[in-house]
Every structure is written in C-alpha cells, then in structure tokens.
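Please open the structure in a viewer and keep the selection panel at hand.

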Amino acid sequence: LLVMGAGWRASVWQNFAVKPLLAEGYRIFTFDNRGTPPSDTPPGPYSIEMFADDTIGLMEALKLSDCRLWGLSVGGLVCQEVTRRRPDLVKGAICHAGFGRTSAFGKLSAQAMIDLMATGVTVPESLALLFGLKDSLRPRALHDDRAVEEALDFLRSMRTSWDQGLAWQLAATVQWAKRDHDEELSTIRRPVLVLAAENDASFPPS
C-alpha cells in the first residue's frame with residue numbers, strides 16, 4: 001500500500017515505484033488522500049492521525065493484512081502512525097523522506113504556503129515549482145539547466161492545485177511537527193526502513 005504526501009496525486013507512484021514492484025510480484029494499492037482530488041475534501045482541520053485512520057479504514061475494507069507500507073514525505077508520517085497503532089495489519093514499512101518530525105525550516109515553509117493560500121490569492125505555478133525545487137536539487141545543481149528542467153517536469157506531474165485541501169494537509173503537518181514523537185518510535189513493533197533525501201530541507205537526514 002503506497003501512501004503519497006501532501007498535495008501529491010497517487011499517480012506519481014507510477015513514475016518510479018509501481019512498475020518495479022509489479023515486476024517483483026507484488027499487488028499494489030494506491031489512493032489519493034482526503035483533500036487531494038479526485039478524493040473528496042471534507043471540512044478541516046485535518047491531522048496525521050486522521051490520515052492514518054483513513055489508511056487503516058482502507059486496509060480493513062480491502063481486507064489487507066501482513067501488508068507492506070511505503071509512504072513518501074507526509075505519507076511517511078502516516079505510515080509511521082499506522083505501523084505503530086496497527087501492527088496486526090503491517091508486515092513492515094518504508095518511511096521515505098518523512099519520519100519522526102519536521103525541521104524548523106519545514107514548519108516555516110509549510111506555514112508560509114498556508115498563509116499565502118489564506119490570502120485568497122491564486123498561487124501561480126511558477127511559485128509552487130520554486131517551493132518544490134528546494135527539496136529536489138543540490139544548491140549547485142540549480143546552475144545546471146538540464147537538471148532544473150528534469151526536476152520541473154517531475155514536479156509538474158506531482159502537484160495538484162493549491163487549494164483548501166492542500167492547506168489543511170499542510171496544517172496537519174505543522175501540528176504534527178509541534179509535538180515530540182521520539183517516545184512513540186520506541187513502541188513500533190514492526191521493521192521500518194527510513195530513507196532520507198540528502199537535500200530535503202523539511203525532513204533532513206539528521
């Protein structure tokens with residue numbers, strides 16, 4: 001079961017995960033989180049715990065057990081919470097560029113996006129892409145036009161519109177980051193692989 005991050009479509013998994021996993025014989029399930037079209041956007045506020053409830057509900061509806069979870073960015077936080085709360089459903093988890101807590105920079109970045117959307121101004125795609133590039137490239141790669149264009153093509157395939165659903169998703173991340181989750185980690189009873197992206201300012205390797 002693949003769990004995507006805030007504001008990203010589940011179809012992004014097709015870019016790098018679904019084909020090799022199918023080749024290894026896995027059954028793959030993906031879904032769009034609440035607040036990400038075409039899923040509904042029920043009234044907020046949202047929380048990581050709420051996204052975990054949604055994921056658990058889907059697993060139960062699909063009768064999944066002994067399941068491997070893979071979460072990207074905020075999806076990693078969701079997988080962490082699902083694995084901690086419902087080890088009976090989980091064989092193991094990958095928390096990819098999202099685990100434990102968000103950096104101070106990540107909290108500020110998310111809050112800036114929330115505040116911008118709250119003004120009612122339509123966020124231009126160019127600004128959305130600038131936010132994405134900070135986590136996609138090494139600083140020196142910003143001088144490499146080919147690397148920037150490749151990153152932009154990928155980012156354009158990922159992002160949904162900047163709307164209220166995304167604002168509630170980001171707010172859930174900010175609220176999660178305000179709490180210390182270290183003690184919770186010691187209660188996880190399933191193997192978890194944590195993958196950190198070298199240039200991820202929101203969930204840095206440290």
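A pocket is defined on a 1 Å grid over the protein atoms alone, as an open set of points with protein on both sides within 12 Å along at least five of seven lines; its lining residues have an atom within 4 Å of a point. The model is predicted, so local features need pLDDT of at least 70 and side-chain atom pairs count only at pLDDT 80 or more, while totals for chains, interfaces and linings use all residues. Residues are numbered from 1 along each chain as its sequence is written, and side-chain values use heavy atoms, with hydrogens and water left out.

**First stop: the largest pocket**

Select W8, S73, G132, D135 and D200, which of the 33 lining residues lie nearest the centre of the largest pocket. The volume of this pocket is about 690 Å³, where a volume is the space filled by probe spheres set on the grid points, joined across faces, edges and corners.

Next, select α4 (104-118), α5 (125-133), α6 (145-158) and α7 (164-177), each of which supplies at least two residues of the lining. Helices (H or I, at least four residues) and strands (E, at least two) are DSSP runs, numbered from the N terminus. Which helix gives the largest share of this lining? It is α4, with 5 residues.

The lining comprises 16 nonpolar, 11 polar and 6 charged residues. Here Ala, Val, Leu, Ile, Met, Phe, Trp, Tyr, Cys and Pro count as nonpolar, Asp, Glu, Lys and Arg as charged, and the others, Gly among them, as polar.

**Second stop: helix α5**

Select A128, L129, G132 and L133, the buried residues of α5 (buried means under 20% relative accessible area, with a 1.4 Å probe and protein chains only). Viewed down the axis of α5, these residues fall within an arc of 140°, so they line one face of the helix; the arc is that of the directions from the helix axis to the C-beta atoms. An α-helix has 3.6 residues a turn, so residues three or four places apart point the same way.

Select L1, Y26, R27, C67 and R68, which lie nearest the centre of the second largest pocket among its 18 lining residues. Strands β2 (67-72) and β3 (90-96) each give two or more residues to this lining, and β2 gives the most, with 4. The volume of this pocket is about 380 Å³.

**Last stop: the cavity**

A cavity is a set of grid points where a 1.4 Å probe fits but cannot get out. The largest cavity has a volume of about 50 Å³. Select M4, G5, A6, N33, F51, V74, G75, V78 and Q169, which line this cavity. Helix α3 (residues 74-85) supplies the largest share of the lining, 3 residues.

Technical notes. Buried < 20%, exposed > 50% of the residue type's maximum accessible area, 1.4 Å probe, protein only.
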